[in-house]
Structures are given as structure tokens and as C-alpha cells.
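My notes follow in the order I took them.

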Amino acid sequence: MNSKLDADISRRRFLVSTSMAATVALLAPRHMFAQDEGLVQTARRTAAAATITVQQLLGKISVLMGAGGNIAVLPGRDGNVLIDGGYAGARPKITAALASISSDPIKHLINTHWHFDHTDGNEWLHSAGATILSHTNTRKHLSTATRVEGWNFTFPPSPPGGIPAEVFDDERTVQLNGMTIALKHYAPAHTDGDISVHFTSADIFHVGDTFWNGYYPFIDYSTGGSIDGMIRATGANLAKVTDSMIVIPGHGAVGDKSQLAFYHDLLVGAREKVAALKKQGKSLNEIVSAKPTAATDAKWGNGFRKPKDFIGDVFLGV
Ligand SMILES: [Zn+2]
């Protein structure tokens with residue numbers, strides 16, 4: 001082939017991928033080009049360019065959005081308490097966002113679960129002064145090579161500084177910055193190490209990746225997740241949440257009980273439809289073509305998980 005044509009083709013490909021990147025970044029910063037480069041590698045590579053927004057809630061608690069999973073921050077005399085640490089590459093932007101909230105040092109980090117978009121920042125946050133607390137299974141996954149089939153990626157063990165120093169099994173309550181923070185492990189849901197974090201006096205509830213507000217969730221079957229577990233966890237969240245409670249999801253906008261209820265119905269509805277089609281002997285491709293989640297695809301299928309990905313996750317568990 002002639003080299004001019006080769007050059008034209010590569011340039012066209014470059015332009016196509018650049019405009020796709022721009023469009024996708026607008027719609028959903030977390031979407032990645034899985035076919036070109038692994039999702040995990042791309043997420044890490046692009047993290048430095050992430051735009052982080054800070055949303056102030058009640059009781060001095062803020063949420064940092066855009067650097068991986070949602071990061072909750074509680075400043076105070078005991079030092080900044082962070083719920084999740086986002087991507088490591090977003091360190092400069094997370095540091096700037098934290099500085100805009102308070103000048104308190106970083107002292108405490110709680111991981112809602114082990115996934116890299118929530119724990120990639122563990123090592124630098126530890127080096128900056130944070131003691132890391134998580135569920136036992138989160139430390140287990142961070143301590144060993146762990147494969148996630150859904151991302152086609154095997155994570156090496158975390159560097160020693162990124163491994164939680166403190167763990168718990170069922171429940172743990174910590175008193176920090178004048179706030180009682182109640183931590184509770186879910187039965188296996190999105191992974192086998194998910195916990196909720198309740199800032200009790202502010203009545204703010206961080207539920208990690210058991211709740212994706214406005215996006216189809218990822219369900220990590222490789223480390224204990226399942227659609228039935230997700231439905232159970234969402235039921236547990238609904239049983240706890242009151243009309244006035246603020247709910248911080250792992251991904252998506254800060255929400256409330258009505259949004260959590262919608263998400264619960266969405267999960268239950270998808271499970272019923274996919275299970276019925278699977279029972280009729282339909283293949284995954286046939287079920288995807290039947291569009292069992294058509295009513296929510298336009299809004300919920302524009303993020304990290306496309307409708308076919310979500311249907312695939314449901315299919316695995318019914
Ligand atoms: Zn996750």
C-alpha cells in the first residue's frame with residue numbers, strides 16, 4: 001500500500017477517535033475504549049485530565065466527583081476523613097479540591113470496596129498521612145493478584161502503603177471530627193467487600209457501588225457480586241433510608257430515597273425480564289436484541305456500562 005494512503009487512514013482514525021473521546025467525555029467521563037486499550041489502563045491514563053467538581057452537603061461534608069468513584073470528605077480537628085480515594089493519577093486535582101474545602105491534613109481513608117476506581121489513590125493518600133480502614137475482603141483483594149473478568153484485567157497486589165491497615169467484618173463505628181460514622185458490611189452485592197458509611201448526625205449515607213444513580217451498574221461476579229446480591233443490598237438501603245436522608249452513590253449524582261427506589265425497581269424489572277427470556281432458552285445475544293431494558297436505556301445506558309453490558313451482568317446471575 002502506498003504510504004500516503006496509510007497516513008490518511010491513520011489520520012482519519014485519529015480524528016474519529018478524538019471526536020469520539022470528546023463526545024464520550026461529555027456524556028460520561030468514565031467510559032473507556034475497551035477494544036483499543038484495556039478499560040483499566042485507559043481509566044488510569046486519563047485520570048490526570050479529569051474534571052473534579054466539589055458539592056457541599058450538610059454538616060461540613062462534601063463530595064468530590066469525577067476522579068473515579070464519588071469521594072466523600074469530612075474535615076475537622078481529627079484531620080480530613082475521606083470515603084474512597086479515586087484514581088491515583090487524579091492526585092493533583094484531588095489535592096486541589098481538598099484544599100478548597102479545608103486546610104486540615106489527610107488523616108483517615110475508608111474504602112467502600114476494593115475496586116481500583118475507589119482505591120487507586122490509597123497509596124498516595126497513605127503517604128500523605130491517611131490510615132486506611134476497610135472490610136476484611138477489601139484488604140484480601142488488595143493484598144493479592146485479583147482478576148476481574150468483566151474488565152478483562154488482573155490487578156497485581158497493591159503496593160504495601162495502599163493496603164488497609166485496619167479492617168472489620170460486620171460493623172464498625174468510628175468517632176471523628178465530632179461525627180459518629182457507622183460502617184456496615186453488606187452481604188455480597190457488587191463485590192464481597194462492600195460497606196455503607198453513615199454519617200449519623202448529618203444523616204448522610206454513602207452506599208458505595210451498591211447504588212449507581214443514573215447509570216447501569218457494573219456487577220463484579222469475579223469477587224462475589226451478583227444481581228441478586230445487588231437487589232438485596234438495594235433493599236437494605238431502602239429499608240434504612242428516610243425521606244430526608246442524603247444518599248451518596250458510588251457513581252452518579254447525590255440522590256435520595258425516591259431515586260434509590262427507582263433504581264431498585266429497575267434492577268428487579270431487569271432481572272425478571274432477563275430471567276424469563278433465559279428460561280425460554282434465549283441466548284444472551286437474543287436477549288440483548290429483545291431490549292428488555294428499553295425503557296431506561298436512553299438515560300441509564302450512556303455511562304460506563306452500556307445496556308448490553310448490564311444485561312450481560314444480569315444474565316450471568318439468573
Ligand atoms: Zn466498584
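I started with a side-chain contact. The Thr42 side chain comes within 2.8 Å of the backbone oxygen of Gly38. This is a predicted model, so I take that distance as computed. I then placed Thr42 in helix α2, which covers residues 39-46. Is Thr42 buried or exposed? I found a relative accessible area of 2%. Thr42 counts as buried because that value falls under the 20% cut-off.

Next I went to Tyr221. I found Tyr221 in a loop, with β14 (212-213) on one side and α7 (227-240) on the other. The relative accessible area of Tyr221 is 24%.

Which residues does Tyr221 touch, beyond its neighbours within four places in sequence? I listed Ser226, Ile227, Asp313, Val314, Leu316 and Gly317. I also checked Asp192, which is 29 residues from Tyr221 along the chain. Their C-alpha atoms are 9.2 Å apart.

Ile227 took me on to α7. I counted 14 residues in α7. From first C-alpha to last, α7 reaches 20 Å, close to the 20 Å expected at 1.5 Å a residue. I noted the buried residues of α7: Ile227, Gly229, Met230, Ile231, Ala233, Thr234, Asn237 and Leu238. What covers them? The cover includes β13 (204-206), α8 (257-279) and α11 (307-316).

Note on methods
Residues are numbered from 1 along each chain as its sequence is written. This is a predicted model: local features need pLDDT of at least 70, side-chain atom pairs count only at pLDDT 80 or more; totals for chains, interfaces and linings use all residues. Side-chain values use heavy atoms; hydrogens and water are left out. Helices (H or I, at least four residues) and strands (E, at least two) are DSSP runs, numbered from the N terminus. Buried means under 20% relative accessible area, exposed over 50%, partly exposed in between (1.4 Å probe, protein chains only). Contact means heavy atoms within 4.5 Å. A polar contact is a pair of N or O atoms within 3.5 Å; within protein, one must be able to donate a hydrogen and the other to accept it, and residues adjacent in sequence count only if both atoms are side-chain atoms. The expected span of a helix is 1.5 Å times one less than its number of residues.
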